[in-house]
Amino acid sequence: MSMILPYMQGFGTGAGLIVAIGSQNAFVLTQSIKKNHHLKICLVCALCDAVLITIGVLGVGDLVASNPMLLKPAAWGGAVFLAWYGIGSFRSAIKGGKLETEEGTVSGLRSILLLTLAITLLNPHVYLDTVVMLGSMSGQYSGDGRYFFGFGAITASFIWFYTLGFGGRALAPLFRKPVTWRVLDSFVGGTMWVIAFSLAHKAMSI
């Protein structure tokens, strides 16, 4: 039972960081609509996230967990980052985003997978979100808790990308409407603030 909380917080944080409007989500959704190797693309995106999150948990997370002097700064840093991220999500909700999915099709499995890797790994934010932020936040949990936190984030990544992959045609009309992103961004903002509050509470008790 004690492992459920870190798992759910990892899931919520990972989901909040992954679902933001961006080139990767637009690319996955577009290829899903066109059924252009879309399930393989989903697998590549999710596996990249899984590898980077694991590196963060085993590297940065392990460092934080093994050094009590880093626990409080990491907890406050995570709380501030998520609170700031939540503010950004609420601003996006007010503005009303729109995901454009009109892109050309890249033919050939090798070409499409290389393009997927480029879109995923050449974005510097992916390393901040997965290795640094999720890695350091996982260090707040003792014992196996940080591994469950990382597993929760990885689960969120797989569910999100395969939701885009399997439901691309059905989801595309929704994602083109600003109201969809207002609802999603509001949910993300609320989730980020709840987790930020939890981290702040933890930091005050360290």
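Residues are numbered from 1 along each chain as its sequence is written, and side-chain values use heavy atoms, with hydrogens and water left out. Because the model is predicted, local features need pLDDT of at least 70 and side-chain atom pairs count only at pLDDT 80 or more, whereas totals for chains, interfaces and linings use all residues.

Colleague: Which element of the protein chain has the highest mean pLDDT?

Modeller: The pLDDT is the predictor's confidence in each residue, from 0 to 100, and the protein chain averages 84, with 93% of the residues scoring at least 70. Helices here are DSSP runs of H or I with at least four residues, numbered from the N terminus. Among the elements, helix 2 has the lowest mean, 82, and the highest mean, 91, belongs to helix 1.

Colleague: Which helices each supply at least two residues of the lining of the second largest pocket?

Modeller: A pocket is an open set of points, on a 1 Å grid over the protein atoms alone, where a 1.4 Å probe fits and with protein on both sides within 12 Å along at least five of seven lines, and its lining residues have an atom within 4 Å of a point. The lining of this pocket includes F11, G12, A156, W160, L184 and F187. The helices that each supply at least two residues are helix 1 (4-18), helix 7 (145-175) and helix 8 (178-205).

Colleague: How many residues of that lining are nonpolar?

Modeller: Ala, Val, Leu, Ile, Met, Phe, Trp, Tyr, Cys and Pro count as nonpolar, Asp, Glu, Lys and Arg as charged, and the others, Gly among them, as polar. On that division the lining holds no charged residues and three polar ones, and the nonpolar residues number nine.

Colleague: Is M192 buried or exposed?

Modeller: M192 lies in helix 8, and its contacts (heavy atoms within 4.5 Å), leaving aside neighbours within four places in sequence, are with G12, T13, G16, L82, Y85 and G86. Buried means under 20% relative accessible area, exposed over 50%, and partly exposed in between, with a 1.4 Å probe and protein chains only. Because its relative accessibility is 0%, M192 counts as buried.

Colleague: What is the relative accessible area of S89?

Modeller: S89 is found in helix 4 (residues 68-95). Leaving aside neighbours within four places in sequence, S89 is in contact with D185, V188 and G189, and V188 is also among the lining residues of the second largest pocket. S89 is buried, with a relative accessible area of 6%.

Colleague: What separates the C-alpha atoms of K177 and G96?

Modeller: K177 has its place in the loop between helix 7 and helix 8, where it is partly exposed, with a relative accessible area of 44%. K177 and G96 are 81 residues apart along the chain, and their C-alpha atoms are separated by 8.4 Å.

Colleague: Where does H37, with its positive phi, lie?

Modeller: Phi of H37 is near 55 degrees, a positive value in a residue other than glycine, and H37 is partly exposed, with a relative accessible area of 29%. H37 lies in the loop between helix 2 (23-33) and helix 3 (38-66).

Colleague: Which residues do ring pairs link into a cluster?

Modeller: Rings of Phe, Tyr and Trp (its six-membered ring) pair if their centres lie within 6.5 Å, and the structure holds seven aromatic pairs. Y85 is in contact with M192, and the cluster linked by ring pairs consists of F81, W84 and Y85.

Methods: Phe/Tyr/Trp six-rings, centres within 6.5 Å; stacked < 30°, edge-to-face > 60°.
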